[in-house]
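Trainee: I've got a model open and I'd like to learn how to read its inside. Can you walk me through it?

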Amino acid sequence: MIAHRSVRSALGIVVACLWLSCGTAQARGAEPPPPAETGPPGENLSMRQDPTQRLSLPVMVNGQGPYDFLVDTGSDRTVISRELAAQLTLPPGPRVVIHESAGADRVNTVVIDHLTIGERTLRHIESPALGAGDLGAPGMLGVDALRDLHLVMDFQAMRLSSSRSRAEPADGRTFVVQGRSRFGQLILTNARIRGQRVLVVLDSGSQLSVGNPPLLKLLTGRDVSAQPRQTTGIVTVTGRRMTLEVDQIDEAQLGGVVIHNMPLAFAPLHIFDRFGLTRQPALLLGMDVLSLCQKVTVDLRRREATFTLN
């Protein structure tokens, strides 16, 4: 995950991304078990957009709230702020190692007995506890809260709906993009920039899109170590500060969606190494483009996403 200040340019459609992966200190690579869940198979929830374009939903924590948690499809676990955890006197859980943009950190967790999103309730969540100032919210909902669902982010109606995993019908305005799963995250595999395949990690928890060094080389012919033309600063969820180069893509294709004049940051982020995306051009894709679509769906079980254009 990344919370950051960014430099904006004119754009046609843009996409951004944050990412956080957790493992126990004893087994870093293991995906956490999903929390037990009760609730209906589908419902509609009203979502909000914060000043950085990220989405949030009201949630109840152990029957108290509601609190606006960010919706983060790039995080494999739900995260809560230390401040809210202390306010609710949540008991401590095991120490875990989290992998985020700038590196790996060992952090404390707290145990949430039950977390309610609309009419769905998840039980016994061992949630990493991070600073509210770095998260930019009281908490973040990760894929452990979203797994096995068909999520529809309707930016026109500002509504998030969920149902059981299913196919999304495609038409002249809706494009289906296939992917694969890695550490619980969805990696789209049929994106192309300048005719070359680019792997895309889909994440609703960030404002800014970030490309890896091979993508920078493909687009500009320059190495990431060269003097950048323009930069932007980011602050990660664990409080680390980084400087990223900013450039602009003239055209990119994501399935049937064509993106023009797309501002993009570049950096050799730790998460590219974590995903094994250090040699092939890759892109972390998030909210600065997603929110310009009319609707975006994510289905982690089917390993696909759809984009409906305005």
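Predicted model: local features only at pLDDT ≥ 70, side-chain atom pairs only at ≥ 80, totals over all residues.

Trainee: Which residues of the largest nonpolar core touch the most other members?

Mentor: They are Val 61, Phe 69, Ile 80, Leu 115 and Phe 307, out of 58 residues in that core. Strand β22 (residues 257–266) gives the most to it, with five residues. Apart from this core lies another, of 16 residues, including Ile 234 and Phe 272.

Trainee: What is Phe 307 in contact with, leaving aside neighbours within four places in sequence?

Mentor: Among its contacts are Phe 175, Leu 188, Leu 254 and Val 257, but also Arg 173 and Lys 295.

Trainee: And how do I look for holes?

Mentor: Rolling a probe the size of a water molecule over the atoms shows where empty space is left.

Trainee: What lines the largest cavity?

Mentor: Its lining divides into ten nonpolar residues, one polar and one charged. Val 198, Met 262, Gln 253 and Arg 192 are among them. β17, β18, β21, β22 and β23 each supply at least two residues of that lining.

Trainee: Which side chain does Gln 294 join through a polar contact?

Mentor: That of Arg 173, at 2.6 Å. Gln 294 also touches Met 153, Phe 155 and Asn 310, among others.

Conventions:
Residues numbered from 1 in each chain as written. Heavy atoms only, no water. Core = buried A, V, L, I, M, F, W, Y, C linked by side-chain atoms within 4.5 Å. Buried < 20%, exposed > 50% of the residue type's maximum accessible area, 1.4 Å probe, protein only. Helix = DSSP H or I, 4+ residues; strand = E, 2+ residues; numbered from the N terminus. Contact = heavy atoms within 4.5 Å. 1 Å grid on protein atoms, 1.4 Å probe; cavity = no way out; pocket = protein on both sides within 12 Å on 5 of 7 lines; lining within 4 Å. Nonpolar A, V, L, I, M, F, W, Y, C, P; charged D, E, K, R; others polar. Polar contact = N/O pair within 3.5 Å; in protein donor to acceptor, adjacent residues only side chain to side chain.
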